[in-house]
Amino acid sequence: MATIGTRLFTWWRGEPVGEDQFGNRYYREKGKPTGPVGRERRWVLYKGEPEASKVPSAWHIWLHYTTDKLPDQQDVDRKSWEEEHLPNLTGTEFAYRPGGAINSDATRQKGTGDYQAWKP
């Protein structure tokens, strides 16, 4: 949830430019740029909990000034190996816990015997 200051700034100075499939809304500053190095300010208001990994790549490159084109004007191909977004699972019961981790029920795997120490 955005702070009251962010919401007021967005209402007063923000111009909406789009929304992504997660419901995040993207804005740029109206009028003359006052951001860093004379650039327009760009920001996102997250839907739900703020999590930067919910920002799709096309919006990410726009937010970080890699391009001035909005995602609907970009030619960004989705790679065959790209997967759908998963939220950060750290701290949940679904978090990755390898064998041997303190909070894992599994025991650590023994070495496979394929390691040979270097001897000068």
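**The sheet and its aromatic rings**

Author: The model holds an open sheet of 3 strands in the order β1-β2-β3, with antiparallel pairing; strands here are DSSP runs of E with at least two residues, helices are runs of H or I with at least four, both numbered from the N terminus, and two strands pair if DSSP finds at least two bridges between them. This is a predicted model, in which local features need pLDDT of at least 70 and side-chain atom pairs count only at pLDDT 80 or more, while totals for chains, interfaces and linings use all residues. Residues are numbered from 1 along each chain as its sequence is written, and side-chain values use heavy atoms, with hydrogens and water left out.

Reader: How many bridges join strand β2 to β3?

Author: Strand β2 covers residues 25-29 and runs antiparallel to β3. Across this pairing, Y27 stands opposite W43 in β3. The bridges that join β2 to β3 number 4.

Reader: What is the angle between the planes of Y26 and W59?

Author: Rings of Phe, Tyr and Trp (its six-membered ring) pair if their centres lie within 6.5 Å, and planes under 30 degrees apart count as stacked, over 60 as edge-to-face and the rest as tilted. By this rule there are 4 aromatic pairs. Y26 and W59 form a stacked pair, with 3.9 Å from centre to centre and an angle between the planes of 5°.

Reader: Why does the pair of Y26 and W59 tie together parts that are apart in sequence?

Author: Both residues are buried, a term for under 20% relative accessible area, with exposed meaning over 50% and partly exposed in between (1.4 Å probe, protein chains only). Y26 lies in strand β2 and W59 in helix α2 (residues 57-63), so the parts that the pair ties together are apart in sequence by 33 residues.

Reader: Which residues form one aromatic cluster with Y27?

Author: The rings of Y27 and W43 are stacked, because their centres are 5.9 Å apart and their planes lie at 15°. Y27 counts as buried at 10% relative accessibility, and W43 counts as buried at 12%. The residues that form one aromatic cluster with Y27 are F9 and W43.
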